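Subject: Structure for you to look at

Hello,

Here is the structure I promised to pass on. Please open it and keep it beside you as you read my notes.

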Amino acid sequence: MAKLVIKNGRVIDPASSLDAVADVAIEDGRFAAVGPNLDTTGCEVFDATGLVVAPGFIDMHVHLREPGFEHAETIETGGRAAAAGGFTSICCMPNTAPVNDSATVTSYIIERARRHSPVHVFPIGAITKNSAGEELAAIGSMKNAGVVAISDDGRPVMNARVMRRAMETARAFGLPVIDHCEDLHLSAGGDMNEGLQSVRLGLRGIPACSEDVMVARDILLAELTGARFHVAHISSRNAVSMVAFAKSKGLPVTCEVTPHHFALSDDQVVPYDSNYKMKPPLRSSCDVAAMIQGLAAGSIDAIATDHAPHAGDDKMQEFEKCPFGIIGLETAVALSLELLVHPGRISLTKMIELYTINPARILGLDGERGRIAAGLPADLTIIDTEFGWTYDVNQSFSKSRNSPFHGRKFRGGPAATIVDGAFVWRRDT
Amino acid sequence: MAAGLLGIEELSRPEIEAILARAKDFQHTENHAFHKLDLARGKMIVNLFFEASTRTRTSFEIAAKRLGAEVLSITAAGSSVSKGESLVDTLNTLGAMRPHAIVMRHSASGAPHFLSRHLPIPIVNAGDGAHEHPTQALLDARTILDRRPTLEGLRVAIIGDVAHSRVARSNIHLLSKFGAQIVLCGPAPLLPRELASIAPGVSLTNDIREAIRDADVIMMLRVQLERQHETAFPPGDYFRFYGLRLEHLNLAKPDALVMHPGPINRGREISSEVADSQRSVILNQVENGIAVRMAVLERVLGQGK
């Protein structure tokens with residue numbers, strides 16, 4: 001493959017504490033060199049002057065809906081949306097049909113992704129068979145087939161004993177356990193965050209406490225078992241405090257937050273608009289502030305989208321009947337810039353860390369992903385922090401249209417996405 | 001989005017006053033017996049009830065007919081809804097028949113709000129889930145104002161399953177806009193603490209005696225078993241702690257009014273002696289329902305011009 005040189009960009013690689021204007025040379029799909037004034041003779045050159053060049057972004061929490069729900073999303077369309085959002089790697093949750101609870105399904109996803117997805121896809125396996133919460137799935141076989149973590153996302157394991165066994169098994173196989181922390185008894189029937197808004201609108205509430213009690217349980221189980229435990233889409237201030245406490249005790253506990261949980265609070269919900277319905281629900285403004293603070297303080301390790309496509313007619317119903325979840329791959333970087341970097345709450349370097357080396361470390365991918373170093377696969381996310389644009393969900397690469405950010409004006413976002421040395425997406429200029 | 005009447009919360013005080021004043025014109029008096037008017041002649045109203053209702057549906061039907069409108073009532077059982085048609089498709093189908101207004105009751109909070117974003121026909125909310133029941137609050141206000149010069153400063157106790165009550169929410173918003181003091185009372189699991197900040201002038205108590213003390217108006221709520229998804233309070237204890245009995249009335253103002261949106265469960269939330277007492281204005285509420293709904297329909301149909 002011919003050489004490609006990304007010329008004159010501000011190269012930020014948090015893993016190696018690099019932040020300098022430099023060139024990045026790529027050869028045969030791998031990084032060849034990083035430095036000033038690299039020779040470009042005979043190379044394809046991408047002028048990155050004024051742009052930020054970062055390691056390829058990793059979204060460790062997406063739903064690709066394939067196999068089983070291809071009317072809402074496929075590995076191909078989800079992969080395209082990821083590329084357009086600046087992501088070079090995504091991790092897909094196992095709640096497909098069939099559930100990814102076996103090496104067969106894992107291999108199927110990996111093979112489909114190899115053929116059809118422009119970005120790398122790393123499957124996450126189920127914790128229990130059919131994610132029913134009772135019997136452990138074939139965790140070891142899935143690990144051999146390529147899963148990078150286990151999770152029963154969306155159908156959390158309620159039985160603490162089963163979770164204990166899962167953590168023990170995951171530890172032995174070197175996998176992190178990702179839990180969607182929700183006590184299903186406390187949250188039963190809820191449609192939005194429990195608070196003044198849910199009471200006003202006559203909707204049943206999901207108390208933040210339903211998240212907190214499970215985060216507490218799982219931290220204690222992680223201590224008991226020695227497993228690496230990762231909280232999916234953290235959303236409550238108490239949960240962030242508990243993760244910070246666990247870290248202070250030296251436990252291998254990490255967490256991610258979604259852009260919508262640091263961008264929107266429950267008092268911004270458009271009444272009965274299902275584009276504002278997701279789990280965990282949009283929390284109070286105090287919780288939103290705690291997310292931003294947690295990101296700045298380091299208690300929150302990663303930003304992940306929980307991209308959850310749903311077909312239009314599923315979201316065109318009475319609010320209480322609509323499924324939970326919104327798409328998020330194409331708006332994540334812009335929301336992070338808008339709410340975190342531009343207001344000075346975190347540095348651009350910190351934002352990049354939250355999307356690159358941190359999730360790579362959680363998933364055990366940091367040997368190859370999440371950093372820029374000669375010899376590693378050349379995944380890059382190139383960002384323009386300044387250009388103005390408006391999100392039009394009808395132009396989305398996703399098959400679904402469920403986003404509360406349609407029509408939102410942004411400053412900055414991804415400019416180009418490079419996977420294994422090849423452009424998989426470029427912003428029209 | 002066409003203007004209908006979705007809730008009290010978004011109405012201004014003058015708008016409410018206008019409806020209440022107009023409703024007075026439509027009230028039955030001794031020298032002014034009901035007769036059919038032609039204020040809404042040539043208009044077609046569809047009553048679409050996805051939830052069981054006798055009094056509200058009948059009341060809206062009579063109100064429409066008294067205004068001279070054509071009215072068609074559809075209930076979920078026996079309609080295409082029971083064949084699995086989605087709410088949006090049902091409404092679009094009805095919308096294509098070009099009625100001038102749709103009166104709708106649905107078990108899901110916000111169902112009419114959701115539809116009004118997709119349908120150009122005005123929707124009158126006849127009760128949505130646990131959210132609002134605006135015409136009930138209007139008729140309650142009309143009933144109080146037939147007996148009191150103003151709502152301002154009145155102490156109104158609303159007692160029962162407040163959490164699941166759309167009647168309570170609409171009344172809270174209305175009474176608050178007029179400067180009443182509202183005391184909400186019920187078993188703790190049915191009285192979320194957030195209610196204290198839902199509108200100005202609202203306070204909470206779990207003690208029925210405290211709620212009733214010096215009350216000008218006592219509004220009892222029906223125990224909404226169909227909306228409770230768990231046994232939040234032992235049924236046997238409910239009447240003991242939250243049932244309105246004659247002995248309670250001594251705590252209230254001497255001329256306090258007792259109201260109930262119906263249907264009443266005698267011996268569950270209210271004793272027969274109270275329901276049938278001189279204090280009770282329950283049947284006046286039903287009567288006022290027609291006058292208020294005439295005023296609402298006239299207003300909504302007028303907007304369509």
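Start in strand 5 of chain A, where A:Val53 is the bridge partner of A:Val11. Keep in mind that this is a predicted model. Strand 5 covers residues 52-55 of chain A. Two bridges join strand 5 to strand 1 of chain A, and the two run parallel.

Now stay with strand 1 of chain A. Strand 1 takes in residues 4-13. Is this strand enclosed by the rest of the structure, or open? Seven of its 10 residues are buried, so strand 1 of chain A is largely enclosed.

- Strand 2 of chain A (residues 18-27) pairs with strand 1 of chain A in the antiparallel sense, over eight bridges. Look for A:Leu4, whose bridge partner in strand 2 is A:Ile26.
- Strand 4 of chain A (residues 44-47) pairs with strand 1 of chain A in the parallel sense, over four bridges. Here A:Leu4 stands opposite A:Glu44.

A:Ile26 is its bridge partner in strand 2 of chain A, and A:Glu44 stands opposite A:Leu4 in strand 4 of chain A.

Strands 1 and 2 of chain A also make a hairpin. Four residues lie between the two strands. A:Ser17 in this hairpin takes a positive phi, near 55°.

Next, another sheet in chain A. Four strands form an open sheet in the order 9-12-13-14, and the pairing is parallel. Which strands stand at the edges? They are strand 9 (177-179) and strand 14 (302-303) of chain A. Each has a single partner strand, so one side of each is left without a neighbour in the sheet. The partner of strand 14 to look at is strand 13 (residues 253-257) of chain A: the two pair in the parallel sense over two bridges. A:Val257 stands opposite A:Ile303 there.

Move to chain B. Chain B has 11 helices and nine strands. It has 305 residues, and 50% of them count as buried. The C-alpha trace spans about 55 × 50 × 35 Å along its principal axes. Now take the contacts in chain B between residues at least 6 apart in sequence: 76% of them join residues at least 24 apart.

Five of its six residues are buried, so strand 1 of chain B is largely enclosed by the rest of the structure. Strand 1 pairs with strand 2 of chain B (residues 70-75) in the parallel sense, over six bridges. B:Phe49 has B:Thr75 as its bridge partner in strand 2. Between these two strands the chain passes through helix 2 of chain B (residues 55-66), and this β-α-β crossover is right-handed. Strand 1 of chain B also pairs with strand 3 of chain B in the parallel sense, over five bridges. There B:Ala101 is the bridge partner of B:Ile45.

Helix 3 of chain B (residues 87-96) comes next. B:Leu87, B:Leu91 and B:Leu94 are buried in this helix. They cover an arc of only 65° around the axis, which puts them on the same side of helix 3 of chain B. On the other side, B:Thr93 and B:Ala96 are exposed.

Last, see where the two chains meet. 20 residues of chain B are in contact with 16 residues of chain A. On the chain B side, helix 3, helix 4 and helix 6 (166-177) each give two or more residues. Helix 4 of chain B gives the largest share, three residues. The chain B side divides into nine nonpolar, eight polar and three charged residues.

Best wishes

Definitions and conventions: Residues numbered from 1 in each chain as written. Chains lettered and ligands numbered in written order. Predicted model: local features only at pLDDT ≥ 70, side-chain atom pairs only at ≥ 80, totals over all residues. Buried ≥ 20, exposed ≤ 12 C-beta atoms within 10 Å, placed from the backbone. Contact = placed C-beta atoms within 7 Å. Arc of directions from axis to C-beta. Nonpolar A, V, L, I, M, F, W, Y, C, P; charged D, E, K, R; others polar. Pairing = 2+ DSSP bridges. Right-handed = clockwise from strand over helix to strand, strands pointing away.
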